[in-house]
Amino acid sequence: MNKDVLKQKESIVKEVSDLISSNEATVVCEYRGLTVKQMSDLRKILKKNNASALVYKNSLVARATVEKPEFETYLAGPNLFVFCKDATNGSLKDLAKFAKKNEALVLKGGLVDGEVRDEKYIKTLASLPSKEGMLSMLLSVLQAPLRNLAYSIKEVAGKQN
C-alpha cells in the first residue's frame, strides 16, 4: 500500500479516536435513502446543539474503536456518525426527533460515556428532559412542601380573622 495513503488512513483513525474521546456520545446511524437536503438539514439542527454528523469508512472507525469490539456490530452498511459534546443538551433529542420524522435515518446504537449502548438506550436517553429541565423539576419538587405550608398558614390565619 502506498505510504501516503497509509498515513492518510492513520490520520483519519486518529481523528475519529479523538472525536470519540472528546465527546460524551457517539451515535451510529444508517442514512441510506436520505437526500442531500435532509442530510444538510440534520447537520444544521445538530450544529445548534454543539454536535456534528460525519461519514467515515466503517473499517477506519473499527480501528479507532478496537478496544470496544462489541461496537463493531453497528458498523455495517452506510453509516453516519453523530458526535455529541453533551448528551443531555438536546442534541440526542433532536437526532431522535429527526429520525422519527425521516424514516430513512435509522439509529443503530453507539457509545455513551465510553460504554457501548444499543438503539433503545439512545432513544431512552433522548427522551429525557435536558439538564435545565431536570433541575427545574427538582426545584419545583423541593419547593412544593414549603408552598403548601405557606398556603396552610395563610388559610389558618385567614380563618382566625
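Let's start with helices H4 and H5. H4, residues 91-101, packs on H5, residues 119-127, at an angle of about 115°, with the axes 8 Å apart. That makes H4 roughly perpendicular to H5 (65 to 115 degrees counts as roughly perpendicular, over 145 as roughly antiparallel). Axes are lines fitted to C-alpha atoms over the stretch in contact, with angles from 0 to 180 degrees between N-to-C directions.

This is a predicted model: local features need pLDDT of at least 70, side-chain atom pairs count only at pLDDT 80 or more, and totals for chains, interfaces and linings use all residues. Numbering runs from 1 along each chain as its sequence is written, and side-chain values use heavy atoms, with hydrogens and water left out.

Who makes the contact between H4 and H5? On H4, Leu 92, Lys 93 and Ala 96; on H5, Ile 122, Leu 125, Ala 126 and Ser 127. Contact means heavy atoms within 4.5 Å. By class, that is five nonpolar, one polar and one charged residues.

Next, H2 and H4. Their axes come within 9 Å and cross at roughly 160°. That makes H2 roughly antiparallel to H4. Gln 38, Asp 41, Leu 42, Ile 45 and Leu 46 of H2 meet Ser 91, Asp 94, Leu 95 and Phe 98 of H4.

Now Asn 49. Asn 49 sits in the loop between helix H2 (36-48) and strand S2 (51-54). Is Asn 49 buried or exposed? Buried, at a relative accessible area of 17%; the cut-off is under 20%. The Asn 49 side chain makes a polar contact with the Asp 94 side chain, at 2.5 Å. A polar contact here is a pair of N or O atoms within 3.5 Å, one able to donate a hydrogen and the other to accept it.

Key. Helices (H or I, at least four residues) and strands (E, at least two) are DSSP runs, numbered from the N terminus. Angles under 35 degrees count as roughly parallel, over 145 as roughly antiparallel, 65 to 115 as roughly perpendicular and the rest as oblique. Ala, Val, Leu, Ile, Met, Phe, Trp, Tyr, Cys and Pro count as nonpolar, Asp, Glu, Lys and Arg as charged, and the others, Gly among them, as polar. Buried means under 20% relative accessible area, exposed over 50%, partly exposed in between (1.4 Å probe, protein chains only).
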